[in-house]
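Please read it alongside the sequence and the structure.

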Amino acid sequence: MRTSRLVAAGSATAIVLSTIALAVLPAGAAPGEGQAQPRIIGAACPDAQGVSLAVDFTPVLNVIDLRCAAPGQSVGEAFAAAGFVLDSPSFASSVDGVAADWADDDAPAYWSVHTSTLDGTPAGAPAEEWVYASVGLGAGPISAGQAYLMEYMPLDPETMVELKEERLVSLADLRGHTRPVAPSRPAAVAGPAAAQLAAGWLAGQIESAGGVLPGPAGTDWGLTIDALAALSAAGVGKEPFAATAAALFGSGEAYIGPAGRAASWPAVAKTVWIAGVAGLDATAFPTPAGGTRDLVAELRSRIDATGEIAPGGSPFTWSLGLLALAGTPGGAPARAITWLESWQCSEAGHADVGSYGWTNDCTSADPDTTALVIQALLAAGVPATDPSVSLAATWLAGAQDSSGGFASSFGGPNANTTGLASQTLRHLADDDATSPSASSFAAAARRGADFVASLQVTQALVAAHPDTLKPGDVGAIALDPEGLADGTTLGIDDVSADQFRRATAQAILAWAGRSLGQLTAPQVSLPEPKPDDNPTDPPGEPTDPPGEPTDPPGKPGGDGKDGPDGGSGGAGGRPGGDDDSSGQGGSTPPPGGGGSGGGGTGGGGAGGAPGGVGSGVGAVDLARVKVTIADAKWTGKRIASGLNVRVNGTRLREGTDYKATPVQTNKAVGRGAVRIDGIGGKYLGSATVTFKIVPKPVKLTGAKADNGRIAATWKRAPKAERISGYQLQYRIKGKSKWSTVKAGAAKQSATIAKLTKGKVYQVRIRAYKTVKGSKFVSAWSKVKNTKRIT
């Protein structure tokens, strides 16, 4: 306990702050009364290696923020250098935007400064307890081993005496929290062979596209940022990384938009983050007019008094902003950390307790969001033992599928979500190997990496499918098992490559030995591809189903969080893209992505992180889910509308939920592609989706039975359809097994001989066309029953 006293405004021991509408303790309340024990975030300097700093925000944020600074500067300069935002290094009026005014009649308060020296000066002898500073913030130089505390001090409006009677962090507490907050980024080290192959394929995509990756509507910067993060995570590809990072900084405002545009802050956040990875200065981003913009300052200006990083976002995009700021000299403000943590599911006994989702309750638990929030909090200095991280990590590990994969909240296990979740759990296991959960987290991360590896195009797979896969496809990673099957049977063309790019950028994170906050520019060149050490068995060749085909519901897929931005995931993946307002690009985490963000690391990703922030929290971002389109029948005209578009089994309404834009001719039987853009309040973002254009059904006109034979006739398909031929099937009525005979495209009749006399047969027919080794078939005709065979 210490005696309460009023410190006059302007004295050497007080820092007067301006008014701000923030809650303070009620008059007469003791510290901690009616509120939880304050949390300590960050870390002080270990031993005497620097000057330990603390800012006690307890009355307004219930947080005590610890940091470390170099000696040899003034007290105020040390706080500023450690990342605390003061409006003046000698006489501050606010700390990280938290302000007060001792002259405020309703809620008077001030900031007080304390030192670890007996006389309160930088030159004094060491003290065992805090001492009021007898000099101002401009005093110095300070010495290694010293400590300084800035404390928010509310006053009783009636008596003007201090309400805070107990110091909530002692010198002993300070020196007991010396775990490094953000370890120095280690030099990039080449990752496992699978990661190197994936990085090599992705780097090839970047180079072949001229240094940046394309999206549904031109250059996709969010996805490109996710790709840079992937190369960094793999520790290889320094040449394409450097060239692409430079291209981003030379892009002007194509991605981040003009200064002051509120909707573009997720893109600004993603750019600030990747600039830190690349070693570029985000405070001097070149503009088209020849000037520069301070993107860090712009991002900080988006944080309001409550800590929210721009209204209308989501925990995914807020995590992206926190991750970006954590890597800057200013660090992440405590109020922004507290705001993000308030979105955690904290309902005791709830199945999703500890998770984070799209709403601040327990109704929208999301693995992508939870993983990115964990990484953002860790980067901002929140210890892994804090419930905001530990409970989230436990929930995330429990969300792993039996296959080893992690599913997005809109679909099944996929490479994007698995990459981000596995990276998160591996980082937690490596960061504190003594933790009781470390071994289980490490095991979950390994299973996730194995799941991702099962989706990779290997040399063995290429050798087994030489007609569809090329040697240059080795290393690419599919979004999910269905995506790999499609790539195997149809090949990776210009359209489907978009999904592979987004998935690969996010999937590589599963092998990353570092978190998103620890990534740095690669230091080594890409290695030459080598034969697989452990090639996987290729999937079997697809066969025609014997039964009547039905239109399957749209199957859910993973999000492509452009990383941390989650952006345009294209055909189900952000996420890869980023989580920027346009929904294009990450994640990363999205994750990008926006993309997610997404995102792309959007995420929106890939796609990243991690799609666009859109107009409402809870809306489905098409860039972060798997959008499917049922087979469309050939019409001879360009197919642009009337499609059966589904998300997680739900059919979308054209003109109400989405609009479709063709991205290729979509006339011939084969593979079609459209861009689906969400509209209205329920769906947002965009995705490029492929679908099958199949021949029209064939009309079976006759099936006459005579003399042990069946003479089948049908109406021939139009010449413009250019089918390859017909499949005619027959069976004894009541039996399940069909037998098949083929007929050429020019035929319109066929004879089936050597049939069993006395039996009634059933006959049906369909058309097929072979395109690049893949077969596209029409629906079966109606079944015709024959007369009894004589």
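1. Which residues in α12 meet which residues in α13? On the α12 side they are V389, A393, L396 and A397, and on the α13 side A421, T424, L425 and L428. By class this contact comprises seven nonpolar, one polar and no charged residues (Ala, Val, Leu, Ile, Met, Phe, Trp, Tyr, Cys and Pro count as nonpolar, Asp, Glu, Lys and Arg as charged, the others, Gly among them, as polar).

2. This is a predicted model, in which local features need pLDDT of at least 70 and side-chain atom pairs count only at pLDDT 80 or more, while totals for chains, interfaces and linings use all residues. Residues are numbered from 1 along each chain as its sequence is written, and side-chain values use heavy atoms, with hydrogens and water left out.

3. The axes of α12 (residues 387-398) and α13 (residues 415-431) come within 11 Å and cross at roughly 130 degrees. α12 is therefore oblique to α13 (under 35 degrees is roughly parallel, over 145 roughly antiparallel, 65 to 115 roughly perpendicular, and the rest oblique).

4. G76 lies in helix α2 (residues 75-81). G76 is buried, with a relative accessible area of 0% (buried means under 20%, exposed over 50%, partly exposed in between, with a 1.4 Å probe and protein chains only).

Key
Axes are lines fitted to C-alpha atoms, for helices over the stretch in contact, and angles run from 0 to 180 degrees between N-to-C directions. Helices (H or I, at least four residues) and strands (E, at least two) are DSSP runs, numbered from the N terminus. Contact means heavy atoms within 4.5 Å.
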